[in-house]
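Here are a few notes to read with the model open beside you. Take them one at a time and find each spot as you go.

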Amino acid sequence: MSETAVHGEAVDWESEDEDSDDSEEEEEEYTSPSQPPSSSNFDKDRHLVYLQMMYELLPYHYQSQEINRLTLAHFIISGLHFLGATDRVDKDAVAKWVLSFQAFPSNRALLKKGEFYGFYGSRSSQFPIDENGDLTHNNSHLASTYCALAILKVIGHDLSTIDSESLLLSLKNLQQDDGSFMPIHTGGETDLRFVYCAAAISDMLGDWSGMDKEKAKNYILNCQSYDGGFGLIPGSESHGGGTYCAIASLRLMGFIGADLLSNDTSSSILDPSLLLNWSLQRQASDGGFQGRTNKRSDTCYAFWIGAVLKLIGGDAFIDKVALRQFLLSCQSKYGGFSKFPGALPDLYHSYYGYTAFSFLEEPGLSPLCPELGLPLLTSL
């Protein structure tokens, strides 16, 4: 993949407040009154054209999100895998490009000095080493590291070729006393997004030595709200993204199983019935899922909430016909998916549109690994 192929976009599976009033107003600016009626079918050919175009050259407005280049590459390449088209990717070139973003310590002693040696999100966050061979400005990031490993997994690259020892030893530097994780070694916020990143990274590498799972579990449980959902931090409002990060992390760490709802709830570390009720209430009258109470339905929450229900064994209660119709109303005539019906498509919502259709078992799509948010691969 060329350096110019991926510039950036809102990667905000991790940070975007997609339900904010300002966000809704911004989306309305892009609403096209001439948008044709939604298709009754998943238009795989148009989606392939859309992703192929994005793989080769992104539109200019993605430049403002250049710092998230690795995340955008993940949406494109993993999206192509869902569509069964990874043969359109130069896997050797992609692997070389992704590996070029890993940070390395100049010596092992640096691993205990608080920094994280993962992957950078883009060239703009990848500063050169100084005259002593040290990384004076190390901006490697947990979310970028998740995306880097996801890409390498999807293209079938052998992860033993990366310096996982440095990555996992330095991962410990990011975990806080309360069990949460910072995304970067200095100046970062802490919440469930980065607990999830740490858990997914550990799972993909097959090594949990970089995190204290018990402390992480306690932090997650402290984020559960009275209504059964999870906020991003303790005491905050239940949110679809936060709830996914909580449940997927607990599954990856082995604290909950696939049959959570059918087990004796008295022995569970959380109340599955309350969680099920909160999650099902997020499906709105238009068939789509909302991220929070009294917010609009949004394409990406078909994955964030749908995957939660899949993980706890409650997906049979979803009105899948209505959800499919909502998603099709967000399918663009240009390929890809938009956040709301009538808006222009973007990579973020397109990728989670594909994961949602995979979850709905759309013919011709790769099956979904819900706890990792990736195509289900034999190597996972």
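Which residue forms a salt bridge with Glu189? Keep that in mind for point 1.

1. It's Arg193: the closest N and O atoms of Glu189 and Arg193 are 2.8 Å apart. A salt bridge here is a side-chain nitrogen of Lys or Arg within 4 Å of a carboxyl oxygen of Asp or Glu. By that rule the count comes to nine salt bridges. Before going on, note that this is a predicted model, where local features need pLDDT of at least 70, side-chain atom pairs count only at pLDDT 80 or more, and totals for chains, interfaces and linings use all residues. Residues are numbered from 1 along each chain as its sequence is written, and side-chain values use heavy atoms, with hydrogens and water left out.

2. Is each partner buried or exposed? Buried means under 20% relative accessible area, exposed over 50%, and partly exposed in between (1.4 Å probe, protein chains only). Glu189 is partly exposed at 48%, while Arg193 is buried at 6%.

3. Now look at Glu362 and Arg324, whose side chains meet in a salt bridge (3.2 Å, N to O). This pair links distant parts of the chain, 38 residues apart: Glu362 sits in the loop between α13 (347-359) and β1 (368-369), and Arg324 in helix α12 (residues 320-329). Helices (H or I, at least four residues) and strands (E, at least two) are DSSP runs, numbered from the N terminus. Glu362 is buried, at 13%, and Arg324 is partly exposed, at 22%. Back at point 1's pair, salt bridges that share partners join Glu189, Asp191 and Arg193 into one network.

4. Asp298 is a curious one, in the loop between α10 (272-280) and α11 (301-312).

5. Since 14 of the 14 residues of α3 are buried, the helix is largely enclosed by the rest of the structure. After α3 comes Gly84, with a positive phi near 70°.
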